[in-house]
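Good morning, and thank you for joining this meeting. I shall present one structure, and I ask that you keep the sequence and the model in view as I speak.

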Amino acid sequence: MPLTVLVFLPAFAGLLGLLLPANRAHYARWVALAGSLLALALSIVLFFDFETGGGFQFVDRAAWIDVGVFDIQYFLAVDGLSLPLVVLTTFLTTAAVLVSFSIEHRPRAYFACLMVLSTAVLGVFTAMDFLLFFLFWELELFPMYLLISVWGSGRREYSAMKFVLYTVTGSAFMLVAILALAFSAGTFDMQVLGESSISSAVLPLRWVFLFLFIGFAVKLPIVPLHTWLPDAHSDAPTAVSVMLAGVLLKMGGYAIIRTCVTILPDQANDYGIWLAAIGAISVLYGAFVTFRQTDVKRLIAYSSVSHMGLVLLGIGALGTTAMVGAAYQMLAHGLITGMLFVVIGLMYERTHTREIGKLGGLARQMPLIATGLVFAGFASVGLPALAGFIAEVTVFLGAFQKHEWAVIMAIFGVVLSAGYILWTLQRVVFGPVRHEWDEVDDQKHWWEHASVVGLAALVILLGVYPSLIMDMLDPAIGVVSARVAG
Amino acid sequence: MSELDIVGPQLAILLAAGAVLVWDALLPTRRQYLPYIALAGILGAAIWTSTWVIRGDFQTAFDGTFAIDQYAVFFQYVFAGITAIVVIASIDWVNRVGRRQSEYYALVLTASAGLMFLAGARDLITIFLALELSSIPQYILAGWGKDQRSSEAGMKYLLLGAIASALLLYGMALLYGFAGSTLLTDISAAIADSGAGNRSLLIVASVLLIAGFGFKMAVVPFQMWVPDVYQGAPTPVAAFLSVGSKAAAFAVVMRLFFEGLGEQFLSNDWAMIFAVIAAVSMTLGNVFAIVQRDIKRMLGYSSIAQAGNFMIGLAAISIAGEHFVQGASGVLLFVAAYAFTNLGAFIAVIGISQKIGSDDIADYAGMWKRAPLLALALAFCLISLAGIPPTVGFWAKLYVFNAGIHADLAWLVIIGVLNSVVSAYYYLAVVRQMFMGEAEDEQKLAISPTVALALGVATIGVIVFGIIPTPLVDAAREAAAIFAAS
């Protein structure tokens, strides 16, 4: 029961806000905040109630559609891999609500979309029936499309449609793979699928693996399927960028571990080297392209491609350490990039530009925001004692033996990333002061900084006390890597 | 008497058709009751059909040429539902046109009786007569409008329909010449006796039959009439054509090919023909639908693509056993789902185009503000046509795709899912236009209560069966099971 409540609580709050009368529309933000805080509290309770190493827990299971060969369950559960991601989602949802607290344009519909988005992502992380998983995966499209195309900026309709078409094409392949798998195994139950060994299907199993991978890789995203991401980011409102970079991309990484690797370990063994190679290429390519960006949001978007490449590299190594590192990188990247987008959003609200060339010397005029930007930037670079460092080191340690050259490429990419982040910080935060920003108000509302502080605290916590999460990830990933090892 | 009992539903409808005409002649001032007489006839047919379900005593009549079984019952319900919704949705339009009201209802009812005969026909002659009984009124109805476009539509439909009937008859003649009987069971026995020796003759006959019915199903390459007729015919008639005759053609093709031509050596051949037609129809229908500016033409092309989707199910049923039931029941489920959905979409178009006097998709901009419920209902129907959850269209597609996977038609399923992506683009483009577009004219539209009722029924069906598909799937499976038994 608790998981069902947790998953649907955000959507419930969002739809509740929709019922507010027009003259009370701005109360929608409070309803959304209450809903997201409740969900956050509940997820934290679950986090501490979770019995580490105890497999799937908080199971909610009911028969849903059972006709002939079609046996679809309503089945939610979390394990050590998904629970941290669930907490990340509730946390970033709260941050996203706070970031958009001052929204004026159709606030009821806005918060409804945002909260339904949160429910969809929570559903993806907790669904253990493959078809239910697919439904949640698709559910995420609608609010996301609306959020970008209604509340976005620039070429918002183009970007929103591009996002949808990329994702839907990926899910088309995914659906074929899901049906093929379910047919050969006789079930949609991901737990059963993850424990049985499937030796043949109506499609060659390597196709099934590939189709699933395409569906998830679009979301991750990998080079060359990444081009929707910069567009979506640059045209999305701040809170949506936070959700997109923070949790939506993680759906891809999570799903690859949960399904591709767990259900088809033999194929994962065969293609691990390709995953690692694609990951390393994404790291490098993302880093190079980042250098050319002049828009801060696009810059962060490309750096996300680079950082998510590390996730794929870690998964491609298939060992426990590397995959734990990959999962940790997802969490760290979610928090750090979320924070970057929040801070950039605050900056944009005040300066109305994201062009690096037009910014400069902000440390003087908006010291608080500049501090946040510098902190998040350093975290993104992988400064020790912050979350990103732990993740990167774990991935490299785990993957080095297996894919030496890929790790070397990726390390080079990480060095590049340090370069571009520091360079950007230097141009935006320091440098000559520009007087057009003299009048801006650094500290307008408490809620703007609440999310920054909260995110920074978690980044530090994960940087100095990694075993809080590692202990939880380790047994869950251990099961997966044991399957791969045979 | 017992034989009249078996065709009771059809008789009830034909009686209502007569009653409508007589009423109009005797009480010309009370024309407003005409639709209620028609509805009473349909209700009578539905009730009569239900007594068959309650009695559970399924049998054949007229020397085996006509059967009442679960399959026929399923389709009789579908046709009763379609006709009722069409009648309700027509009321407003018929009143506005003014002339020949009773004839309109009488023709719709006659066509409907023909469709119901098709559902149970097990003999070539019966099939042909029932087909003509349903077609001739439809030719007249297509030309019902007073403008040149409608006349052109009627003429085109008639001429091409005549050619199709000729092809069909030729195919039937070949079968009769081969088997010496028009009964499907006799034909099946004759084929089984003769073995594979006469395969080429039978394939020619199959191709001719497919060509004849392909016209009614509106699949490529027999689709040329569709966009012109849908655009030219009065919208309620187009709605009727798009679901009624299509569903009936699938109903009869399935029975004809299974009961008559189901022998394994033959079924592999025609299944391949169906598979190719399915692939081509989906692809061409969708590609042409994208570029349409007129919503009725768009729906016309989309109905070609949808017929391609049904046909995946037909192609998948050449394989015996449990998978066979899957393919057949997939077609049935799809037919029922499509009936609700496409009717809903057409009725929404009726409601909107009556008020704004245009079928141009561009004029649907901002419909969300002008007629919120209508826009929402149309959006749901379009989403269902695109096969996106939580609508009945999703389950229909999923089920048919699943059947395709089981029948080793992965290539076809991949084409199918990719086509779903393409179709989502143009369906959602209309949704986007309605919800995001800026209306030139912000005036609210008043929707007539009858249109609202018909649309409400269809849309509630789309959503309710989208969340709880089990009853519909079960009904489809039961209906399809009669083939497995024989």
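Let me begin in chain B, where the loop between helix H9 (199-217) and helix H10 (225-232) holds Pro221(B). Before I go further, please note that this is a predicted model. The bond between Val220(B) and Pro221(B) is a cis peptide bond, and its omega is about 5°.

Where does Pro224(A) lie? Its place is the loop between helix H9 (205-219) and helix H10 (228-235) of chain A.

I turn now to backbone angles. Arg106(A) is a residue other than glycine, yet its phi is positive, near 45°. Arg106(A) sits in the loop that runs between helix H3 (82-99) and helix H4 (107-126) of chain A. Is Arg106(A) buried or partly exposed? With 14 other C-beta atoms within 10 Å, Arg106(A) is partly exposed.

In chain B, Asp408(B) likewise is not a glycine and has a positive phi, of about 65°. The loop between H17 and H18 of chain B contains Asp408(B). There are 13 other C-beta atoms within 10 Å of Asp408(B), and this residue is therefore partly exposed.

My next topic is a pair of helices. In general, two packed helices are described by the angle between their axes and the distance between the axes. In chain A, the axes of helix H6 (residues 141-151) and helix H7 (residues 156-185) come within 8 Å and cross at roughly 160°.

Sorted by class, the contact of H6(A) with H7(A) comprises seven nonpolar, three polar and two charged residues.

Let us return to chain B and look at helix H13 (residues 295-316). This helix has 22 residues and reaches 32 Å from its first C-alpha to its last, close to the 32 Å expected at 1.5 Å a residue. Of the 22 residues of H13(B), 22 are buried, so the helix is largely enclosed by the rest of the structure.

Ala305(B) is one residue of helix H13 of chain B. It counts as buried, with 29 C-beta neighbours inside 10 Å. Leaving aside neighbours within four places in sequence, Ala305(B) is in contact with Ser281(B), Met282(B), Gly285(B), Asn286(B), Ala289(B), Asn419(B) and Ser423(B). The C-alpha atoms of Ala305(B) and Gly416(B) are 9.6 Å from each other, while the two residues are 111 residues apart along the chain.

Finally, I come to the two chains together. Here 25 residues of chain B are in contact with 19 residues of chain A. On the side of chain B that touches chain A, at least two residues each are supplied by helix H14 (322-356), helix H17 (392-406), helix H18 (410-436) and helix H20 (470-485) of chain B. Which helix gives the most to that side? H18(B) does, with 10 residues. By class, the residues of that side of chain B are 16 nonpolar, five polar and four charged.

Methods
Residues numbered from 1 in each chain as written. Chains lettered and ligands numbered in written order. Predicted model: local features only at pLDDT ≥ 70, side-chain atom pairs only at ≥ 80, totals over all residues. Axes fitted to C-alpha atoms, helices over the stretch in contact; angles between N-to-C directions. Helix = DSSP H or I, 4+ residues; strand = E, 2+ residues; numbered from the N terminus. Nonpolar A, V, L, I, M, F, W, Y, C, P; charged D, E, K, R; others polar. Contact = placed C-beta atoms within 7 Å. Buried ≥ 20, exposed ≤ 12 C-beta atoms within 10 Å, placed from the backbone. Expected span 1.5 Å × (residues − 1).
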